[in-house]
Amino acid sequence: MKIIHSIQELREWRKNAGSVAFVPTMGNLHEGHLALVREAKKHADQVVVSIFVNRLQFGQGEDFDKYPRTLQQDVDKLKGEGVAVVFVPDEQELYPRVQQQYNVEPPNLQNELCGAFRPGHFRGVATVVTKLFNIVQADVACFGKKDYQQLTIIQGMVDDLNMNIRIVPVDTGRAADGLALSSRNQYLSAEERAEAPRLYRELSQMAQAIQDGNVNYAELEQAAKQRLRDAGWVVDYIEVRHAGNLQVAHAGDKHVVIVAAARLGNTRLIDNIEVHL
């Protein structure tokens, strides 16, 4: 496994690499990331994983400097998965002008759901992912469904900008009790960790109600929010959306997704469940 820090070296490696699958990450890798790597291996001769903590997607009050950086542990995990290259650029390499002057601006979806609470986040994501796609020149890229809004925006960007890459969505990895795997889970206290699976249980209850024919989405959303609040959560949103484009869902939609974000103590958790009707 090669660890590459420069764009030029990666481009030289890419010339003779055959087909390449790409997994972009910010490091602090867990089993969910490794599931992306395993899926990527099914689609190409070589797998490239990037590790870069992207300043552009951090907003006010989100501490970029305190984001966990665990490079050696990450490299050890990726070596065990048979990754060909770990691309670890520094900020100067990826943003040589310091201030990024040209950005990729997603549509208004970037200002809804998580974007309403994290202004500018998805512009930062779209910009850095575009840069990484241009650098790696992969045939396939794998993204987890846990970040459903991110996945939808990246898929739309690839389609609209005619990018020559195929996006492979990968199902959310979960702990045995249903909690979606996330780097943020490490911030939960023991008591909060025991409470955290409630979010998935609420979404599962909503999904069952929808499959049973209840399409009063507003009522289902409000009831779930209230139950979480009663249990001590601060709810950012719980909404039923069309799974294809994340527009507001309507009765008659055959594929919807319940998306949610809520805070438990100081930790913000996101999750979702798709429902096929």
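Which residues does Arg 198 touch, not counting residues up to four places away in sequence? Select Arg 198 and you'll find Leu 228, Ala 231 and Trp 233 (contact here means heavy atoms within 4.5 Å).

Before going on, a word on what you have open. This is a predicted model, where local features need pLDDT of at least 70, side-chain atom pairs count only at pLDDT 80 or more, and totals for chains, interfaces and linings use all residues. Residues are numbered from 1 along each chain as its sequence is written, and side-chain values use heavy atoms, with hydrogens and water left out.

**Stop 1**

Helices here are DSSP runs of H or I with at least four residues, strands are runs of E with at least two, and both are numbered from the N terminus. Arg 198 counts as partly exposed because its relative accessibility is 26%; the scale calls a residue buried under 20% relative accessible area, exposed over 50% and partly exposed in between, with a 1.4 Å probe and protein chains only.

Now show side chains: that of Arg 198 makes a polar contact with the side chain of Glu 195 at 2.4 Å. A polar contact is a pair of N or O atoms within 3.5 Å; within protein, one must be able to donate a hydrogen and the other to accept it, and residues adjacent in sequence count only if both atoms are side-chain atoms.

Click over to Ala 231, in the loop between α10 (217–230) and β7 (234–242). Leaving aside neighbours within four places in sequence, Ala 231 is in contact with Glu 195 and Arg 198. At 30% relative accessibility, Ala 231 is partly exposed.

For Arg 198 to Met 157, 41 residues apart along the chain, the separation is 33 Å.

**Stop 2**

Next, select His 33. UniProt lists this residue for "active site" in an unreviewed entry; UniProt positions are given in the numbering used here, feature names are shortened, and annotations may be inferred rather than shown by experiment. His 33 is in helix α2 (residues 31–41) and counts as buried, with 15% relative accessibility. Beyond four places in sequence, His 33 touches Thr 25, Gly 27, Asn 28 and Ser 183.

Color the rest of α2 by burial: Gly 32, Leu 34, Leu 36, Val 37, Glu 39 and Ala 40 are among its buried residues. What do the buried residues of α2 pack against? Show β2 (20–25), β3, α3, β5 (140–144) and β6, and you have their partners.

**Stop 3: two positive phi values**

Asn 28, one of the residues His 33 touches, lies in the loop between β2 and α2. Check its backbone: phi is positive, about 55 degrees, although Asn 28 is not a glycine. Most residues other than glycine have a negative phi. Asn 28 is buried, at 10% relative accessible area.

Leu 113 also has a positive phi, of about 50 degrees, and is not a glycine. Look for Leu 113 in the loop between α4 (91–94) and α5 (114–117), where it is buried at 4%.

**Stop 4**

Among the residues Ser 50 touches outside its sequence neighbourhood of four places are Phe 22, Phe 87 and Leu 132.

Follow the chain on to Gln 57, in the loop between β3 (46–51) and α3 (71–80). The unreviewed UniProt entry covers Gln 57 with the annotation "binding site".

**Stop 5: α1 against α6**

Last, show helix α1 (residues 7–14) and helix α6 (residues 121–136). Their axes come within 9 Å and cross at roughly 50 degrees; axes are lines fitted to C-alpha atoms, for helices over the stretch in contact, and angles run from 0 to 180 degrees between N-to-C directions. The pair is therefore oblique: angles under 35 degrees count as roughly parallel, over 145 as roughly antiparallel, 65 to 115 as roughly perpendicular and the rest as oblique. Ile 7, Leu 10, Arg 11 and Arg 14 in α1 meet Asn 134, Ile 135 and Val 136 in α6. By class, that contact has four nonpolar, one polar and two charged residues; Ala, Val, Leu, Ile, Met, Phe, Trp, Tyr, Cys and Pro count as nonpolar, Asp, Glu, Lys and Arg as charged, and the others, Gly among them, as polar.
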